[in-house]
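Here is a short briefing on one protein chain. Keep the sequence and the 3D view open while reading.

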Amino acid sequence: MNNWIEKIYKLLFPERCILCDDVIANDAPFCSDCYQLWSKQQKDECVLCGKSLHECECIRLQSIKQSVFLFWYSGEALKSLIYRQKSFLCSKTNRFFATLMVNEIRSKIEPNKKGELPFEVITYVPRSKKAVVKNGYDQAAELAKELSKQLNIPCVCLVTRKRGGQQQKKLGYTVRLANIKGVFHPNELCKSYKSVLLIDDVVTTGATINAVADALKNGGVRNVYCAAIAKTQQTFRRKPKAEKL
Ligand SMILES: [Zn+2]
Ligand SMILES: [Zn+2]
């Protein structure tokens, strides 16, 4: 009986490729065409320092103890997948990214003395209210909730966004820093946690994620780890003066 229900369900809701939405036979994330596109898209090294994604420190995350990224923010396939994750909620895409992140977190972040992951709670960079209303959800929050399920660590909102600020997308680092100042505020719950994993989708200059980490620390958190799907390749070196801002 259950088999029949499953068969009918699969007929009504077949598995689809998370990139092009074509129906696929198995429960893989991609159809074969998209898989080819996906598998050849990553650059190995940072264009500035020549280091790998994990070793490159061209984005300064001074308020973060350790960070984990899955990909460089490059390639048509990844960009369109992140765009889809941002624009309409697809639980399969969300699970796909979260599972990759869980593996990366477990392999890169050093466990504590008890052999457990060194953070007690997961939180996220909150979107502006305007963006949440527009899309109907907050993609970083959805990603954090899925990670929470897979890691069995609670997900708690610890930071509020007071005002939207200008959209960060087209701004340079120094302007971003000024723009983001005073936007994030810790809530009372921060006092209950010493160590937090902060989730975002894409880290561009690091200004936003640093600002959220600072807010968490102002609220009483000691260590902030971060994990994101992708980080942007930096194309020029910032002057040391701008970095100190
Ligand atoms: Zn496809
Ligand atoms: Zn680099």
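**A loop residue to start with**

Asn-152 sits in the loop that runs between α6 (139–151) and β3 (159–161). Its phi is positive, about 60°, although Asn-152 is not a glycine. The model is predicted.

**Overall build**

- The protein contains 9 helices and 6 strands.
- The C-alpha trace spans about 65 × 40 × 40 Å along its principal axes.
- Of the 245 residues, 31% are buried.
- Take the contacts between residues at least 6 apart in sequence: 74% of them join residues at least 24 apart.

**Two domains**

- Domain 1 covers 1–40, and domain 2 covers 45–244.
- Their C-alpha centres lie 29 Å apart.
- Domain 1 puts 6 residues into the contact, and domain 2 puts in 8 residues.
- What kind of residues does domain 1 use on the side that touches domain 2? That side has 6 nonpolar residues, no polar ones and no charged ones.

**The open sheet**

- Four strands form an open sheet in the order β1-β6-β5-β2, and the pairing is parallel.
- Which strands stand at the edges? They are β1 (66–72) and β2; each has a single partner strand, so one side of each lacks a neighbour in the sheet.
- On average, neighbouring strands of this sheet are turned by 20° against each other, direction ignored.
- Strands of a sheet pair through backbone hydrogen bonds, either parallel or antiparallel.

- Strand β2 (residues 121–124) pairs with β5 (residues 195–203) over 4 bridges, in the parallel sense.
- Val-121 has Val-196 of β5 as its bridge partner.
- Ile-122 has Leu-197 of β5 as its bridge partner.
- In a regular strand, side chains alternate between the two faces of the sheet.
- Are the faces of β2 covered or uncovered? Both are covered: Val-121 and Thr-123 are buried on one side, and Ile-122 and Tyr-124 are buried on the other.

**Helices on the sheet**

- Helix α3 (residues 76–87) lies across β1, β5 and β6 (223–231).
- The angle between α3 and β5 is about 115°.
- Helix α8 (residues 207–218) lies across β5 and β6.
- The angle between α8 and β5 is about 160°.

- Trp-72 belongs to strand β1.
- Trp-72 is buried because 21 other C-beta atoms lie within 10 Å, and the buried class needs 20 or more.
- Beyond its neighbours within four places in sequence, Trp-72 is in contact with Gln-42, Lys-43, Leu-53, Ala-230, Lys-231 and Gln-233.
- Gln-41 is 31 residues away from Trp-72 in sequence, and their C-alpha atoms are 9.6 Å apart in space.

**Gly-219, between α8 and β6**

- Gly-219 lies in the loop joining α8 and β6.
- Is Gly-219 buried or exposed? Gly-219 is buried, because 20 other C-beta atoms are found within 10 Å.
- Setting aside residues up to four places away in sequence, Gly-219 touches Leu-158, Pro-186, Asn-187, Cys-190 and Lys-191.
- Val-159 is 60 residues from Gly-219 in sequence, with 9.0 Å in space from C-alpha to C-alpha.

- Asp-21 is located in the loop between α1 (2–12) and α2 (32–39), and domain 1 spans 1–40.
- Asp-21 has a positive phi of about 75° and is not a glycine.
- Asp-21 counts as exposed, because it has 12 C-beta neighbours inside 10 Å.

Terms used
Residues numbered from 1 in each chain as written. Chains lettered and ligands numbered in written order. Predicted model: local features only at pLDDT ≥ 70, side-chain atom pairs only at ≥ 80, totals over all residues. Helix = DSSP H or I, 4+ residues; strand = E, 2+ residues; numbered from the N terminus. Pairing = 2+ DSSP bridges. Contact = placed C-beta atoms within 7 Å. Axes fitted to C-alpha atoms, helices over the stretch in contact; angles between N-to-C directions. Domains from an automatic or database assignment. Nonpolar A, V, L, I, M, F, W, Y, C, P; charged D, E, K, R; others polar.
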